[in-house]
Amino acid sequence: MRGGAGAKVGDKVNVDWAFVAVSAVAVTLMGLSKGGFAGLSVLSMPLMALVLPPTQAAAIMLPILLLQDVVSVVAYRRDWDARLLAIILPGAVAGTGLGYLFAARIHPGAVTLTVGLIAFLFALRSLFFTKIVEGPPRAGRPAAGLFWASVGGFTSFVSHSGSPPLQVFLLPLRLPPRLYAGVNTMYFAFANLIKVFPYFLLGQFSAANLTISAGLAPVAVLSALLGVWLVRRVSGERFYAIILWLTLGVGVKLIWDGARELGWT
């Protein structure tokens, strides 16, 4: 079990400045992602895992995610698409259910490596070969949306890394930045909400974890608002370029983390 400056001891967590700094950066990245810059969120869990056991880090992060979801849903309450949500929300349910049933039987490193490969190959293809985000918006295929949303729900449940699989479906649709951010926001707000009961059944919540989550709440809110503010001031072309480059970098990071967890490096 990994632990560092903020490692768990019994029912308590030893909090020092290293723990506070790492946690604040992780929550800020998550908030920027919630504000619209999807992809940054998958860097949060590896950072938190530097100072806490991964399962405890995930439990601490979930209440923070829910708080940031409230901020993002309010900000993007008019920016969503009923057809797309009808496609991807059932996928969130299916993926979460599979995560609850099979997470304990699957090596976390394998999940991390798979998500990293998906993110890296998709971003590489999009940036240098097919240029999928150029052109007018288009409708997505329901089967593809349901599949990738299910993969995103599963990886979100296991490691809070559901963004790259969902991007494989959403980015080629060439949605306006605010609509893209709104659909992404609604999906993950729903996915995080339905994770609460399974996490409770798995015993992931404790007084110590919830106390830490509460302490990080101001950073969570401010960073989500910052993400929303930035999305409203970035052009569509630049927005998608940022998202794709972030996805490429995230893919490399996850491939490295997955290979290390599997003992390949």
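This report describes the fold, salt bridges and surface patches of a predicted protein model.

## Basis of the model

The structure is a predicted model, in which local features need pLDDT of at least 70 and side-chain atom pairs count only at pLDDT 80 or more, while totals for chains, interfaces and linings use all residues. Residues are numbered from 1 along each chain as its sequence is written, and side-chain values use heavy atoms, with hydrogens and water left out.

## Overall architecture

The chain contains 11 helices and 2 strands. Helices (H or I, at least four residues) and strands (E, at least two) are DSSP runs, numbered from the N terminus. Read from the N terminus, the order of elements is β-β-α-α-α-α-α-α-α-α-α-α-α.

Of the 265 residues in the chain, 51% are buried. Here buried means under 20% relative accessible area, exposed means over 50%, and partly exposed lies in between (1.4 Å probe, protein chains only). The chain exposes about 11900 Å², of which carbon and sulfur atoms supply 70%. Accessible areas come from the Shrake-Rupley method with a 1.4 Å probe; for residues, only the protein chains shown count as cover.

A search of the whole structure finds 4 salt bridges, each defined as a side-chain nitrogen of Lys or Arg within 4 Å of a carboxyl oxygen of Asp or Glu. In one of them, the side chains of lysine 34 and aspartate 69 meet at 2.6 Å, N to O. This pair links distant parts of the chain, with lysine 34 in helix α1 (residues 17–35) and aspartate 69 in helix α3 (residues 54–75), 35 residues apart. Lysine 34 and aspartate 69 are both buried.

Aspartate 79 forms a salt bridge with arginine 178, and their closest N and O atoms are 3.1 Å apart. Aspartate 79 lies in the loop between α3 and α4 and arginine 178 in helix α8, so the pair ties together parts that are 99 residues apart in sequence. Aspartate 79 counts as buried because its relative accessibility is 16%, whereas arginine 178 is partly exposed at 32% relative accessible area.

Aspartate 257 forms a salt bridge with arginine 260, with the closest N and O atoms 3.3 Å apart. The two residues are 3 residues apart in helix α11 and are therefore separated by about one helical turn. Aspartate 257 is buried, with a relative accessible area of 4%, while arginine 260 is partly exposed at 41%. Salt bridges that share partners join Lys253, Asp257 and Arg260 into one network.

## Surface patches

Patches are made of residues with over 30% relative accessible area and no salt bridge: like charges are joined within 9 Å, and nonpolar side chains (Val, Leu, Ile, Met, Phe, Trp, Tyr) within 5 Å. A nonpolar patch on the surface consists of Leu98, Tyr100, Leu101, Phe102, Ile106, Phe197, Phe200, Leu201 and Leu202, which together have about 870 Å² of accessible area. The elements that give two or more residues to this patch are α4 (82–102) and α8. Helix α4 gives the most, with 4 residues. Leucine 101 is placed in helix α4.

A patch of positive charge on the surface gathers Arg77, Arg78, Arg232 and Arg233. For charges, Lys and Arg count as positive and Asp and Glu as negative; His and the chain ends are not counted. The place of a charge is taken as NZ of Lys, CZ of Arg, CG of Asp or CD of Glu. Arginine 232 lies in the loop between α10 (217–231) and α11 (236–261), and is partly exposed, with a relative accessible area of 42%.

Phenylalanine 190 is placed in helix α8 (residues 177–201) and is partly exposed, with a relative accessible area of 29%. Leaving aside neighbours within four places in sequence, phenylalanine 190 is in contact with Leu89, Ala92 and Val93. Phenylalanine 190 and aspartate 69 are 121 residues apart in sequence and 8.8 Å apart in space, C-alpha to C-alpha.

Serine 206 lies in the loop between α8 and α9 (207–215). Its relative accessible area of 24% makes serine 206 partly exposed. Serine 206 and isoleucine 60 are 146 residues apart in sequence, and their C-alpha atoms are 9.1 Å apart in space.

Technical notes: Contact means heavy atoms within 4.5 Å.
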